[in-house]
Protein chains: 2
Amino acid sequence: MSVNEDSTGVLLAARRRLISPSLTLSYRQPLHIVRGTMQYLFDQTGRRYLDGYNNVPHVGHCHPEVVSAATKQMALLNTNTRYLHETLEQYAESLTSTLPEPLRMCFFVNSGSEANELALRLARVHTQSTDLIVLNGAYHGNTTTLTHISPYKADGLESGRPSWVHIVALPDVYRGEHKSDDPRAGEKYAQPVGECIAQLESQRKGLCGYIAESCPSVGGQLLFPEGYLAAVYAKVRGAGGVCIADEVQTAYGRLGEYFYGFEQQRVVPDIVVLGKPIGNGYPIGAVVTTAEIARSFDNGQEFFSTFGGSTVSCTVGAAVLEIVNQDRLQTHAKKVGSHLLAGLRSLIDRYSLIGDVRGSGFFLGVELVRNRDTLEPAAQEATDVVNRMRDTGVLIGTDGPFHNVLKIRPPMPFNAEDADALVTCLDDALARSEIS
Amino acid sequence: MSVNEDSTGVLLAARRRLISPSLTLSYRQPLHIVRGTMQYLFDQTGRRYLDGYNNVPHVGHCHPEVVSAATKQMALLNTNTRYLHETLEQYAESLTSTLPEPLRMCFFVNSGSEANELALRLARVHTQSTDLIVLNGAYHGNTTTLTHISPYKADGLESGRPSWVHIVALPDVYRGEHKSDDPRAGEKYAQPVGECIAQLESQRKGLCGYIAESCPSVGGQLLFPEGYLAAVYAKVRGAGGVCIADEVQTAYGRLGEYFYGFEQQRVVPDIVVLGKPIGNGYPIGAVVTTAEIARSFDNGQEFFSTFGGSTVSCTVGAAVLEIVNQDRLQTHAKKVGSHLLAGLRSLIDRYSLIGDVRGSGFFLGVELVRNRDTLEPAAQEATDVVNRMRDTGVLIGTDGPFHNVLKIRPPMPFNAEDADALVTCLDDALARSEIS
C-alpha cells in the first residue's frame with residue numbers, strides 16, 4: 001500500500017466515524033483533492049484533473065480576484081444588514097442590472113435552498129394560497145418544504161408528499177411524450193399545468209404558483225422546448241399564481257446564448273432564485289422579485305438572515321459578477337460551448353450508446369441508452385464512463401431521473417483545448433465500454 | 001446637512017429602491033458601519049462604538065487568525081464534501097471533542113436555519129413522527145417550517161400554524177407562572193410537556209420530539225430553572241421523542257460557566273444545532289447527533305449541502321474553535337461576565353425601571369418594567385435606552401416577547417473596562433429616562 005492510499009484510507013476511516021453516511025462521495029475510487037485553480041483540480045499526489053462539471057466555482061476555482069476581494073472585506077468588516085453599508089446596495093444594484101424590469105427588489109441569503117425557501121414564502125404571502133405546481137424530476141433544495149417540491153430526490157420522504165404539491169410532467173423532448181420533432185411540444189407540455197389549474201378551480205382552491213429550474217439540471221440537463229414557459233406562465237398568471245424561476249444551475253452566462261435560463265424561453269419570471277455560482281463557493285443565495293411582491297411580504301414581520309447580505313457576502317457577490325462581465329465569460333461559454341457540443345455530437349455516429357447530445361454553452365448533457373428505439377437507460381454504462389474518465393483525469397458526473405445522463409457543466413474559464421481533451425477522454429471511455 | 005448625513009441619505013435611498021423593506025435597520029438613527037475590530041465597530045466618521053450585543057463575531061470582529069485561515073484556504077481549494085479532504089474530518093473531530101458522547105456524527109450546512117431544518121428532518125425520520133413540542137417565544141429560523149415552530153416571530157404567518165406544532169409555556173421565572181423563589185419551578189414548567197404527550201397518546205399520535213434554545217435569547221435572555229430540561233427530556237424520551245438543543249445563541253463558552261447551554265441544565269441532547277458564532281461571520285451551521293439517529297437518516301437518500309462542509313467552511317470553523325480554546329475565551333467570559341453582571345445589578349436599587357437582571361457570562365438580560373408588582377413591560381423605555389446608548393457609543397439591543405429586555409451578548413474579547421463603560425453608559429441612559 002502506497003503512502004497516498006494510506007492517507008486516503010485514514011481519511012475514509014475518520015469520515016465514517018464523524019460524518020453522516022448520508023453525505024456521499026463521488027466516484028468508485030473517491031478523490032482526495034488538495035488544490036484548485038480555475039478549471040483544474042489537483043489530488044494529493046499532484047495529479048491534475050480537468051473539472052468538467054463543477055458549476056459552483058463559476059469564474060474558476062480559487063479565482064484570485066474573488067479571493068482578494070473576500071480577504072480585504074473580511075479584514076475590514078463582516079457584519080449584517082441591520083446596519084447601512086454600501087456593499088449591500090452596490091451588489092443589489094449590479095445584480096438587478098442583469099435582470100429585466102420589474103425584477104428590482106433583492107433579498108440575500110446563504111444558499112439556493114434558503115433562496116427557494118424564501119421564494120415560496122413570498123409567493124404564498126402574495127397570493128394567499130399554497131398550492132404549487134412543480135416539475136417531475138425537479139430538485140430545489142434540502143429543507144423539508146423543498147424536499148416536498150423536489151420529486152428528483154425523495155418521493156415525499158419523512159412526511160409524505162403534501163396535498164398542496166402538484167407534479168406535472170418534465171418537458172423532455174428526448175424521452176417524454178412530445179419529441180423534439182414536434183413544433184408544438186412546448187405548448188403540449190404546458191397543457192397539464194392548465195389541467196391542474198382547472199382542477200384547483202373546480203375545488204375552489206387558489207393557486208400559489210409554479211416553480212421550475214429554467215433548465216432542469218438534475219432532471220437530465222434539459223432545455224425546454226420553444227414556447228413552453230411562455231404558455232405555462234400565461235396559464236399560471238391567469239389563475240393568479242406567481243412564476244418562480246430557479247436559476248441556481250443556470251445563471252450568469254452559463255448557457256452562452258443567455259445570461260439567465262429564462263431568457264431562452266423569452267419570459268420574465270415574478271421571482272428569480274439564485275445560488276451556487278453567484279458566490280463562486282462562498283455561501284450566497286439571492287432572491288430577486290418585483291416591488292409588488294416585496295410589498296405583500298412587508299407585513300410588519302422582519303425577515304432577517306444572519307449572514308445573508310453581509311458585507312463579505314455582498315463584496316464577494318459583486319466581485320464574481322464583475323469578473324463575469326469583465327472577462328466576457330458569457331461570450332466565452334457560447335464560443336467554447338459550441339465547440340464542445342460539436343465535439344460531443346461527433347461521437348454520436350460512432351457509439352450507439354449515445355442517445356442524445358443536448359444543451360447550450362457550458363450546460364450540456366449526453367444521454368446514454370442501451371437501445372435508441374426503446375431508450376432503455378444505460379445507467380450502469382454512464383457510471384462506468386464517468387469513473388473511467390475520472391481515472392484518466394477528466395471529471396464529469398451523471399444525472400437525470402435514470403442516472404444515465406452525462407452532466408457537463410465546467411467552470412467558465414474552461415477553454416477549447418479543455419473541450420478537446422474532454423471529448424477525447426469521453427471517446428476513449430466509450431470505446432472501452434464497447435469492448436468490455 | 002453634513003457630508004456624512006448626505007452619504008447616509010444616499011445609502012438609505014438606494015436601500016429603499018433595491019432591498020426589501022422586510023429587512024429592517026437597527027436604531028432610530030441607522031448606523032453606517034465601515035470597520036470592525038474585535039469588540040469595536042467604527043462608523044463612516046471614524047467614531048468608535050463598543051459592541052455589546054453582536055454574538056456572531058464570537059472571537060471578535062475581523063479576528064486576524066480567522067481572516068488568515070480563510071484567506072489561505074480560499075486561495076488553495078474551496079470545494080465540497082463529495083471529495084475527501086482533511087479539513088472536514090479535522091473540523092468534525094475538534095467539534096465533537098467539545099461535546100459529550102454519544103454526540104459524534106456531524107452534518108455541516110450554511111446557517112442556523114439550515115441546521116434547525118436538518119435537525120427536524122433527522123428527528124422525523126428517526127421517530128417516524130411529526131408532532132413537535134416547542135416553546136412559546138422561541139425563534140429557530142426563517143424558513144417556512146421554522147416559522148411554524150417560532151412563536152416569537154410570526155404567529156403562523158402565511159400558512160397558519162400546523163396542527164403538528166404544540167406550544168408550551170416559556171419557563172420564565174421572572175414573568176411566568178412559577179417564579180425564581182419556587183425551588184420546584186423547573187419541574188412545574190416541565191408539566192405542560194407531559195400533558196401534551198398525554199394528549200398525543202390519547203389521540204394515538206407519536207411524538208417526534210422537543211426543541212428549545214438551551215437559553216432562550218429572543219425569548220428574553222432567559223436561563224431555565226434548575227431541573228427543567230432534565231424533566232422535559234425524561235418525558236420526551238419516555239414517549240419515544242428526540243430532544244433537540246438549539247445552541248445557535250449560546251455555544252462556545254458564551255455562558256462562561258458552560259461551553260454549551262445544555263450543560264447548565266445537566267442534560268445531553270440527542271441533536272445539537274449550531275450556527276451564528278461558529279463561523280465568526282462566515283456562513284456555517286452544524287448539526288451533531290448520535291450514530292443511531294444518523295443511521296436512521298441514512299435511508300439511501302443523499303443529503304448534500306453545496307457549501308456546507310466545504311474546505312473553506314471547515315477551515316474557518318476549526319480556526320474559530322481553536323481561538324476559543326487557545327485564548328481561553330470561556331474562562332474570560334466567566335470572569336468578565338460576572339463583573340458585568342455585578343455592575344448591572346448595582347443599578348437595580350437606583351432605577352425602579354429595572355425589574356430583573358439575569359444571565360450568565362456574556363449572555364445577559366436586563367428587563368425593564370413600569371411597575372415591579374404588575375411587571376408592566378417598559379418597551380418604549382427599553383427602545384429609548386438602547387437608542388440613547390447608541391448615541392453615546394455603546395451598542396446593545398432589545399428582545400423578549402414584549403421587547404422590553406435589554407440584550408447584552410458581546411463578542412467574547414469584551415473586557416472589564418468595556419464592561420464598566422457599558423454599565424456607565426446604561427446608567428446615564430437610565431438617568432435620562434427618569435428625567436424625561
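1. Let me start with the bridge at B:Asp51, whose partner in S13(B) is B:Leu395. Strand S3 (residues 48-51) of chain B and S13(B) run parallel and are joined by 2 bridges. For bookkeeping, two strands pair if DSSP finds at least two bridges between them, while helices (H or I, at least four residues) and strands (E, at least two) are DSSP runs numbered from the N terminus.

2. Before going on, a caveat: this is a predicted model, where local features need pLDDT of at least 70, side-chain atom pairs count only at pLDDT 80 or more, and totals for chains, interfaces and linings use all residues. Residues are numbered from 1 along each chain as its sequence is written, chains are lettered from A and ligands numbered from 1 in the order in which they are written, and side-chain values use heavy atoms, with hydrogens and water left out.

3. Back to the sheet in chain B: it is open, has 4 strands in the order S1-S2-S3-S13, and its pairing is mixed. Strand S1 (33-37) and strand S13 (394-395) of chain B are at the edges with a single partner strand each, so one side of each has no neighbour in the sheet.

4. S1(A) and strand S2 (residues 40-43) of chain A run antiparallel, with 4 bridges joining them. A:Ile33 sits opposite A:Asp43 in S2(A). There are 2 residues between the strands of this hairpin, and A:Met38 takes a positive phi near 50° there.

5. Some backbone spots to check by eye. A:Tyr27 isn't a glycine, yet has a positive phi of about 75°; you'll find A:Tyr27 in the loop between H1 and S1 of chain A. The peptide bond from A:Glu101 to A:Pro102 is cis, with omega near 0°, and A:Pro102 is in the loop between H3 and S4 of chain A. In chain B, the bond from B:Glu101 to B:Pro102 is likewise cis with omega near 0°, B:Pro102 being in the loop between helix H3 (86-96) and strand S4 (105-109) of that chain.

6. Now the interface. Chain A and chain B each put 93 residues into the contact (heavy atoms within 4.5 Å). The area buried between them is about 8600 Å², with carbon and sulfur atoms giving 58%; that is accessible area (1.4 Å probe) lost on putting two parts together, summed over both. A:Tyr83, A:Leu84 and A:Phe307 supply 10% of what chain A buries against chain B, more than any other three residues.

7. B:Glu93 forms a salt bridge with A:Arg17, the closest N and O atoms being 3.1 Å apart. Several elements of chain A supply at least two residues each to the side touching chain B, including helix H1 (3-18), helix H2 (64-76) and strand S4 (105-109). H1(A) gives the most to that side, with 8 residues.

8. Finally, symmetry. Chain A superposes on chain B through a rotation of 180° with 0.0 Å of shift along its axis (RMSD 0.0 Å), so the two copies are related as by a two-fold rotation axis.

Definitions and conventions. A salt bridge is a side-chain nitrogen of Lys or Arg within 4 Å of a carboxyl oxygen of Asp or Glu. Copies are superposed by least squares on the C-alpha atoms of residues with pLDDT of at least 70 in both.
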